[in-house]
Structures are given as structure tokens and as C-alpha cells.
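Hi,

Here is the structure I promised to hand over. Please open it next to this email and follow along as you read.

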Amino acid sequence: MKDDHYWMGEAIKAARKAGARNEVPIGAVIVRDGRVLGSGYNLRETRQDPAAHAELIAIRRAAQRAGNWRLSGATLYVTLEPCIMCMGAAILARIDRLVFGCFDPKGGAAGSLYDLSCDSRLNHRFDVTSGVRGEECAELLSSFFRQLRKQKKGITEE
């Protein structure tokens with residue numbers, strides 16, 4: 001039986017694809033009934049699109065594959081705690097569950113700054129599991145930004 005650890009591994013693979021493109025390494029996978037409905041990774045720089053977050057790309061692909069914008073019964077796995085925009089999209093898509101790797105203290109909307117997953121003023125709520133392979137997800141991001149700082153330092157030192 002494939003569990004949260006396994007599916008987060010799939011999100012991590014997607015995040016690595018983003019990193020290979022010099023994008024912030026964030027990956028997302030949407031799973032329903034043991035099948036991947038959609039996956040995505042951050043493409044904001046590539047597309048010059050502020051909305052090209054991993055979660056939104058995965059949600060769009062999942063809805064296309066399902067033939068329905070309602071993704072009831074689905075779980076969204078993402079390496080970094082979603083922002084307000086992505087949480088809004090997950091709510092609108094009727095995602096049943098969110099599993100994320102590491103917290104985002106600067107922009108997280110699933111427990112860090114806000115928690116939209118359980119806001120009774122909204123028309124949909126879902127369960128959240130945090131910290132799945134969290135250290136691995138955090139290290140992906142830390143390593144990426146460490147390398148970016150080294151590159152920028154090298155450019156300014158010349």
C-alpha cells in the first residue's frame with residue numbers, strides 16, 4: 001500500500017525537476033484512489049507567471065484528467081506548505097486532504113501564518129498532515145538557495 005511517505009517522494013521528484021530548471025524546488029502531486037491525477041512543479045521563472053505554482057499546475061492537470069473541477073476524494077501532496085493562493089485553489093477544487101513536507105513561516109496558509117484549511121467561514125474544509133519528509137523537503141529548498149547565493153556572490157566578486 002502506497003502511503004504518505006511514498007507520495008511525498010513523488011512530490012519531491014517533481015520538486016527536483018523544478019530545481020533542475022533553476023526554479024525554486026517545489027513539487028506537488030494529487031492522488032485519488034491510489035492513482036496520480038495530476039502533478040506539477042514550480043514554473044514561475046520559466047513562464048514569468050506569478051501563478052505558476054506547483055499546486056496550481058497539479059490542480060489544473062488533475063481536473064483535466066478527471067474531467068471535473070471537483071477533486072473530491074483527492075489528496076494534494078506538496079513539498080512546501082501552500083500559500084494563500086494555492087490554499088484557495090485547493091478549497092475551490094474540493095480537495096479532501098492536504099499533506100505537506102515543510103512549513104513556510106513567511107507565506108504558509110496551512111498553519112504557519114494562516115490556516116485556511118479549517119476556516120468555518122469558507123464553504124469547504126479539509127484535513128491537513130504536515131511534516132511528511134519535512135527535513136528532506138526543507139533541505140531541498142535550503143540547498144537551492146545556498147547555491148543561488150553562491151552564484152550571486154561569484155558574480156559580484158568578479
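R133 sits in the loop between strand 5 (127-130) and helix 5 (134-157); helices (H or I, at least four residues) and strands (E, at least two) are DSSP runs, numbered from the N terminus. This is a predicted model, in which local features need pLDDT of at least 70 and side-chain atom pairs count only at pLDDT 80 or more, while totals for chains, interfaces and linings use all residues. Residues are numbered from 1 along each chain as its sequence is written, and side-chain values use heavy atoms, with hydrogens and water left out.

R133 has a positive phi of about 55° although it is not a glycine. Most residues other than glycine have a negative phi. With a relative accessible area of 23%, R133 is partly exposed, because buried means under 20%, exposed means over 50%, and partly exposed is in between (1.4 Å probe, protein chains only).

Q48 is another residue to look at: its phi is near 50°, again a positive value in a residue other than glycine. Q48 lies in the loop between helix 2 and helix 3, and at 62% relative accessibility it counts as exposed.

H53 is found in the loop between helix 2 (44-47) and helix 3 (54-66). Is H53 buried or exposed? H53 is buried, at 14% relative accessible area. Leaving aside residues up to four places away in sequence, H53 touches N42, R44, C83, M85 and C86, where contact means heavy atoms within 4.5 Å.

Now for two helices. Helix 3 and helix 4 (residues 84-92) pack at an angle of about 20°, with their axes 9 Å apart; axes are lines fitted to C-alpha atoms, for helices over the stretch in contact, and angles run from 0 to 180 degrees between N-to-C directions. The two helices are therefore roughly parallel to each other (angles under 35 degrees; over 145 is roughly antiparallel, 65 to 115 roughly perpendicular and the rest oblique). In their contact, E55, L56 and I59 of helix 3 meet M85, C86, A89 and A90 of helix 4.

Finally, the structure holds three aromatic pairs. One of them is F100 with F103, edge-to-face at 5.0 Å centre to centre and 90° between the planes. Rings of Phe, Tyr and Trp (its six-membered ring) pair if their centres lie within 6.5 Å; planes under 30 degrees apart count as stacked, over 60 as edge-to-face and the rest as tilted. F100 is buried, at 0% relative accessible area, whereas F103 is partly exposed at 44%.

Happy exploring!
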